[in-house]
Amino acid sequence: MSSNSLSQPRQADWRQGWILVISGFLPVMAIIALAPTLPTLLGHFRDVPNPGLMVPLLITAPSACIALFAPGAGVIADRFGRRPLLLWSMAFYGAGGLVPFFIDNFWAVVAGRFVIGFGEAGVLTVVNTLLADYFEEKARHRWLMIQGVVGSVLGTVTIACSGFLAAQGWQYPFLVYAVAIPILLAGIAFLFEPAPRRKGGAAQPAATATPFPYAVALMVAGVTVLLSTIYYVQVINFSVLLKDLGVSDPKSIGLSMALPSIGVPLGAIVFKLTTRFGAGSQIFLVFLGYAIGLSGIGLAPDYKVALAFAFVQQLANGIIVPALIAWAQSKFSFEHRGRGMGWWASSFFVAQFLSPAVVNVMRASVGNLQGAFLAFGLVAAACAVGACLLHVRATRSAGPQPGV
């Protein structure tokens, strides 16, 4: 074997790709696995002081941990390595997730939820960092598309399994977090610490340390918070709106919410098909989808029309997550990528807490929830016009690019 071949860095393949795709679903699963079990948890912990406030904390606590600790996880990843942090984060995730199955104590369950949140902050940050470290841009976009499609399917399966397990007892849904164990073992076996990579894909020697680009990070965070706040408008509030439009049976509400969600995996495919047009075009497309979807829901005379426009909204939702990740990945060099993706993860989950408050303010201003949907649709339309103008301006300034 030649010395040249020995100096070549290890190349990632389908094994690393699939481990990262499945690992990327763990933070989402931490939330949705318990969502269908909230009535069961409220019944079991009814003696806890103020259960209406405290029990839902079991669902939202991990998201708060991501918002708080993902930037710190990024610093650790850049300074001490991606692989060790990811493996330890998976271990924390599995341990924290399974604690409630063995301990019937509300505060122990809360503690477990915070432990799983610490794990999520590391998993989400490092998974998105490693996707950029392991794969060149074209392959990275393909894996982000696969992540979007697989994630929506796994989400449906998780919710179904969680509902079935909840029927066996309040603690049984927590068993789904055991899936972190085989993923951890696969990570130990196949994940490796990446070498710095140039834009063209070749390995490069360690560069002289440069300051973290705070201006770029603030721009990424600002765009992410804006888009994600609008993203959560339909995700969080659509079931309430369906009830306002006459769908009162919980089973019918669940089915009605499931139908538009078909748009999410289709949106992930649209993301892959539109990557050649650049992130600016994709962000414009998302704002346009939100403008049509939210405005249509806001003007819908009945729930059937609302469902049709909700599909458009969900199509945009399927585009935006991989598009934002790909855009953020491209903004940071290898030495700062972990920290940059930590900022992105934190921003995305900060929006989860901001969105309900913003929707409540808007609803109070316009008089009802459907009017708030229309108002957000008009905000998205204005943002679409702004994104289009910025993209055209940037394209003209850059001039013709070879091969684009």
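Let's start with Ala-375, which is buried in this predicted model: its relative accessible area is 14%, and the cut-off for buried is under 20%. You'll find Ala-375 in helix H17, which covers residues 369-398. Leaving aside residues up to four places away in sequence, Ala-375 touches Met-362 and Val-366.

Now hop over to the aromatic rings. How many aromatic pairs are there? The count comes to 22. One of them joins Tyr-214 and Trp-343, with 6.1 Å from centre to centre and 65 degrees between the planes, an edge-to-face arrangement. This pair links distant parts of the chain, since Tyr-214 belongs to helix H11 (residues 214-244) and Trp-343 to helix H16 (residues 334-366), 129 residues apart. As for Tyr-214, its relative accessibility is 43%, so it counts as partly exposed.

Compare that with Trp-344 and Phe-348. Why is this pair called stacked? The ring centres lie 5.4 Å apart and the planes are at 20 degrees, and planes under 30 degrees apart count as stacked. Here both partners sit in helix H16, four residues apart, which is about one turn of the helix. Both Trp-344 and Phe-348 are buried.

Phe-45, Tyr-93, Phe-106, Trp-107, Trp-170, Phe-174 and Tyr-177 are linked into a cluster by ring pairs. Arg-82 has its charged end over the ring of Phe-334, 4.3 Å from the centre. Likewise, Arg-339 lies over the face of Phe-212, and there the distance to the ring centre is 4.3 Å.

Arg-82 is a handy bridge to the next topic, helix packing. It is one of the residues of helix H7 that meet helix H6: on the H7 side you have Arg-82, Pro-84 and Leu-85, and on the H6 side Ala-73, Ile-76, Ala-77, Asp-78 and Phe-80. By class, this contact of H6 with H7 has six nonpolar residues, two charged ones and no polar ones. The axes of H6 (residues 57-80) and H7 (residues 82-102) come within 7 Å and cross at roughly 135 degrees, which makes H6 oblique to H7.

How do helices H9 and H13 run relative to each other, roughly parallel or roughly antiparallel? H9 (residues 137-166) and H13 (residues 263-273) pack at about 175 degrees, with axes 8 Å apart, so H9 is roughly antiparallel to H13. H9 brings Lys-138, His-141, Arg-142, Leu-144, Met-145, Gly-148, Val-149 and Ser-152 to the contact, while H13 supplies Val-264, Pro-265, Ala-268, Ile-269, Phe-271 and Lys-272. Sorted by class, the contact of H9 with H13 has eight nonpolar, three polar and three charged residues.

One last stop is a loop. Asn-50 sits between helix H4 (38-44) and helix H5 (51-54). It has a positive phi of about 50 degrees although it is not a glycine. Is Asn-50 buried or partly exposed? At 49% relative accessibility, Asn-50 counts as partly exposed, because the exposed class begins over 50%.

Terms used:
Residues are numbered from 1 along each chain as its sequence is written. This is a predicted model: local features need pLDDT of at least 70, side-chain atom pairs count only at pLDDT 80 or more; totals for chains, interfaces and linings use all residues. Side-chain values use heavy atoms; hydrogens and water are left out. Rings of Phe, Tyr and Trp (its six-membered ring) pair if their centres lie within 6.5 Å; planes under 30 degrees apart count as stacked, over 60 as edge-to-face and the rest as tilted. Helices (H or I, at least four residues) and strands (E, at least two) are DSSP runs, numbered from the N terminus. Buried means under 20% relative accessible area, exposed over 50%, partly exposed in between (1.4 Å probe, protein chains only). A charge sits over a ring if NZ of Lys or CZ of Arg is within 6 Å of the ring centre and within 35 degrees of the ring normal. Axes are lines fitted to C-alpha atoms, for helices over the stretch in contact, and angles run from 0 to 180 degrees between N-to-C directions. Angles under 35 degrees count as roughly parallel, over 145 as roughly antiparallel, 65 to 115 as roughly perpendicular and the rest as oblique. Contact means heavy atoms within 4.5 Å. Ala, Val, Leu, Ile, Met, Phe, Trp, Tyr, Cys and Pro count as nonpolar, Asp, Glu, Lys and Arg as charged, and the others, Gly among them, as polar.
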